[in-house]
Amino acid sequence: MNILITNDDGVYADGLIVLKDAMEKIGTVYVVAPDRPRSACGHSITLHKPLRADEVALRDGTPAYASSGTPSDCVALGLLAIIKEPVDLVVSGINRGPNLGWDLTYSGTVSAAMEGAIYGIQSLAVSVSTHKTEVDYSVAAEFTLNLARMLQEHKLRENTFLNVNVPPLPAARIKGVKVTRQGKRRYSGSIEKRSDPTGRDYYWLGGDLPMDTLDEGTDVKAISDGYISVTPVHLDLTDHKSLAKIQDWGIEDIQFSE
Ligand code: MN
């Protein structure tokens, strides 16, 4: 089994090396990751400048590729240019920081797994839901290994990948695992306006705490209750419930002037 690993915290992040060690138990691991932290870059890709992929060594000497691009670029580079064998699994992480609710829209970690799904490859995004600098990734790594083993038997549906979040707790304190749907988590939208030393204004976005809606069955609820959350995510962003309703507005009958 050939496994491509990437992340959005950068090629030298601790979570990446822990993930690599776990995945090596079930296959040949290729690491292609951004050469710098790229958290919250979403699904951006590099189209208008050269994309680099330099050979580097991880702390333990493992050869890896450090790319000037984003997590999604790394997946494309790995699949199209670097790895000569067919890839069976893409794993993105282990991210430091949760990817829950509306976080998915902004997440580089999740976007990399999404990119894997676009290429038709089974893909996982894995995050530990803490912003602390010292993180124990071992529970998340062990769980990801188990999940990856399962994916050898149970194939995901086309255009679907899994988004995994693990609470920052020792194994004994984790309540269990919940298969969830994407919940609602938004940020209050704070922005600070300041002046730089030359007197020019600048703004600093975010920094506020997320507001979670703790609906039963959601990723945010599972994590808040101390469970590991596994959400199947689909590439189709259509709101199917709105299709017929919006057709009824008469949009399809809008006339154009000659
Ligand atoms: Mn990150």
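The model is a predicted one, in which local features need pLDDT of at least 70 and side-chain atom pairs count only at pLDDT 80 or more, whereas totals for chains, interfaces and linings use all residues. Residues are numbered from 1 along each chain as its sequence is written, and side-chain values use heavy atoms, with hydrogens and water left out.

In soluble globular proteins, nonpolar side chains tend to be buried together. A nonpolar core is defined here as a set of buried Ala, Val, Leu, Ile, Met, Phe, Trp, Tyr and Cys residues joined through side-chain atoms within 4.5 Å. The largest such core has 37 residues, and Met23 and Val91 are those with the most contacts inside it. Helix 5 supplies the largest share of this core, namely 8 residues. Apart from it lies another core, of 12 residues, among them Cys74, Val75, Leu77 and Leu79. When neighbours within four places in sequence are left aside, Met23 is in contact with Ile3, Ile5, Val29, Val91, Thr144, Leu145 and Ala148, contact being defined as heavy atoms within 4.5 Å.

Two packed helices are described by the angle between their axes and the distance between the axes. Helix 1 (residues 14–23) and helix 5 pack at an angle of about 40°, with their axes 9 Å apart. That angle makes helix 1 oblique to helix 5, since angles under 35 degrees count as roughly parallel, over 145 as roughly antiparallel, 65 to 115 as roughly perpendicular and the rest as oblique. Axes are lines fitted to C-alpha atoms, for helices over the stretch in contact, and angles run from 0 to 180 degrees between N-to-C directions. In this packing, Val18, Leu19, Ala22 and Met23 of helix 1 meet Ala141, Thr144, Leu145 and Ala148 of helix 5.

Leu162 lies in strand 7 and, at 9% relative accessibility, counts as buried. Although Leu162 and Thr231 are 69 residues apart along the chain, their C-alpha atoms are separated by 5.5 Å. Not counting residues up to four places away in sequence, Leu162 touches Ser123, Leu124, Ala125, Leu147, Leu156, Val230, Thr231 and Pro232.

Some features of the backbone may be described last. Most residues other than glycine have a negative phi, and most peptide bonds are trans. The peptide bond from Gly93 to Ile94 is cis, with omega near -10°, and Ile94 is found in strand 5 (residues 89–96). Ala40, in the loop between strand 2 (28–34) and strand 3 (53–57), has a positive phi near 65°, and at 59% relative accessibility Ala40 counts as exposed. Asn159 likewise has a positive phi, of about 65°; Asn159 is found in the loop between helix 5 (138–151) and strand 7 (160–166) and counts as partly exposed at 31% relative accessibility.

How values were computed. Helices (H or I, at least four residues) and strands (E, at least two) are DSSP runs, numbered from the N terminus. Buried means under 20% relative accessible area, exposed over 50%, partly exposed in between (1.4 Å probe, protein chains only).
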